[in-house]
Amino acid sequence: MSILNYNKKYFPNIEWAASKSVEEFVEHEKGTGLPEAELREAYELCKAALPVEPKPAKKEK
Amino acid sequence: MSTNLCSTIGGNTGAVGCDGQRGVPRKILVGSKAFSSVEYATPDSLQTAILASINLSNGDPNKLFPFPEIEEVAINTEADTTGSLALGPVKRLRKGRPAYSYSCDITWGQYQRLLAFDNKIMPVFSFDDANQIWGKRDVMLTSNTVNTNPFKGELARITISGSGFKDGANASAGVAVISVSYLSVDDFEKRGTYALLPNLAAGDMAGLLDVMLYEPSAHVSNVYKIATVVQVPLLGGDRNIYDEFGAIMAGLTWNAGTGANYGTPLTITSVAVDSTNKCLTFTFDTTAYTALAASTKIKITPPTVPTLVTANMVGYELGSIIVVK
């Protein structure tokens, strides 16, 4: 589990957030009391923070 | 062949320059940690290992518990037991075991926490006023030398007493008394050993504070409020550490589990600080939470002490909490 430090007050689970759509994420996290705009921003940061898996090496011809 | 064994009883008795001797104890550490020869290879590496052992979570077999700083020492070592036949010379029948009492002027809350160690037998390390830490060399099967054997505390019975009302006349009245009575003369003498720690001060080895978690308000579906306090004996005086460490705690990885031994993970989707209620807001994954039966117990496990130290939250250990759906 990786944690995103959003605004030093809200720390979402990056992997979980990235596995959801933005609507699902916002709906799920509204219980935290954060405004929707901030939740959407946190979601985008989670998506961006998720490590990109390396592409498989090209096969030699 | 000689007609006596005198030359084979012992070895040479020379002194090594600058060898140490037991000084005035300043601090004791209790626990079963055994330092390996790699850990005590240098003073710096041993110092690092000692501090790391203090900053472990309760239940870790390598955990060391530092006691308060010692402000008075009383030697209670028992006298040798002697006897003699009617016409014979006095013979020593049994060597007296080493025992010491340490007075510490501490608060009521710390005294109550020390009571957990009352009348317990535990390995004890002693740090003295000559920057030496004393313990014993433990036996290994493959070798028996000071330089490669594990370095352990000397086994002793610990009792905690004192700390009552003061009498207004004597400074020693009302202070806590920690008595350390060593079980084995052999451990203390023949196997007794020490390490030099020139850069370590007694005050560097401080005990941790337990932080209790509780729910300040009922949960709303899958959203739980968890507050963090240090308990003190002062009525209504429990200290909420939210203002100092709320954001640090929220930004670390917590885990939650259900089922047998709480081994079934329950995803925590976020932790947020709640500045209004001075607590943390935990949100569990709705789908997994909804699938749980009513009254299911959920254990929330906090970050470990080493993780807290890395995050600059030094001197605390967070407890776990079991909440109910």
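**Figure 1. Contact between chain A and chain B in the predicted model.** In this predicted model, 14 residues of chain A and 17 residues of chain B take part in the contact. On the side of chain A that touches chain B, strand S1 and helix H2 (22-29) each contribute at least two residues. S1(A) provides the largest share of that side, with 3 residues.

**Figure 2. Pairing of S1(A) with S18(B).** The two strands run antiparallel and are joined by 3 bridges. Within this arrangement, A:Tyr10 lies opposite B:Ala272, a residue of S18(B).

**Figure 3. The largest nonpolar core.** This core contains 35 residues, and those with the most contacts inside it are A:Phe11, B:Ile226, B:Val271, B:Leu280 and B:Phe282. Elements of both chains supply at least two residues each, among them strand S1 (10-12) and helix H3 (36-49) of chain A and strands S14 (223-230) and S18 (268-274) of chain B. In soluble globular proteins, nonpolar side chains tend to be buried together.

**Figure 4. Surroundings of B:Phe282.** When neighbours within four places in sequence are left aside, B:Phe282 is in contact with B:Tyr224, B:Ile226, B:Ile268, B:Val271 and B:Ile300. Apart from the core that includes B:Phe282 lies another core of 34 residues, including B:Ile133, B:Ala176, B:Ala195 and B:Met205.

**Figure 5. The fold of chain A.** Chain A has 3 helices and 1 strand, arranged along the sequence in the pattern β-α-α-α. Of its 61 residues, 30% count as buried. Among contacts in chain A between residues at least 6 apart in sequence, 43% join residues at least 24 apart.

Terms used:
Residues are numbered from 1 along each chain as its sequence is written. Chains are lettered from A and ligands numbered from 1 in the order in which they are written. This is a predicted model: local features need pLDDT of at least 70, side-chain atom pairs count only at pLDDT 80 or more; totals for chains, interfaces and linings use all residues. Helices (H or I, at least four residues) and strands (E, at least two) are DSSP runs, numbered from the N terminus. A residue is buried if 20 or more other C-beta atoms lie within 10 Å of its own, exposed if 12 or fewer, and partly exposed in between; C-beta atoms are placed from the backbone. Two residues are in contact if their C-beta atoms, placed from the backbone, lie within 7 Å. A nonpolar core is a set of buried Ala, Val, Leu, Ile, Met, Phe, Trp, Tyr and Cys residues joined through C-beta atoms within 7 Å. Two strands pair if DSSP finds at least two bridges between them.
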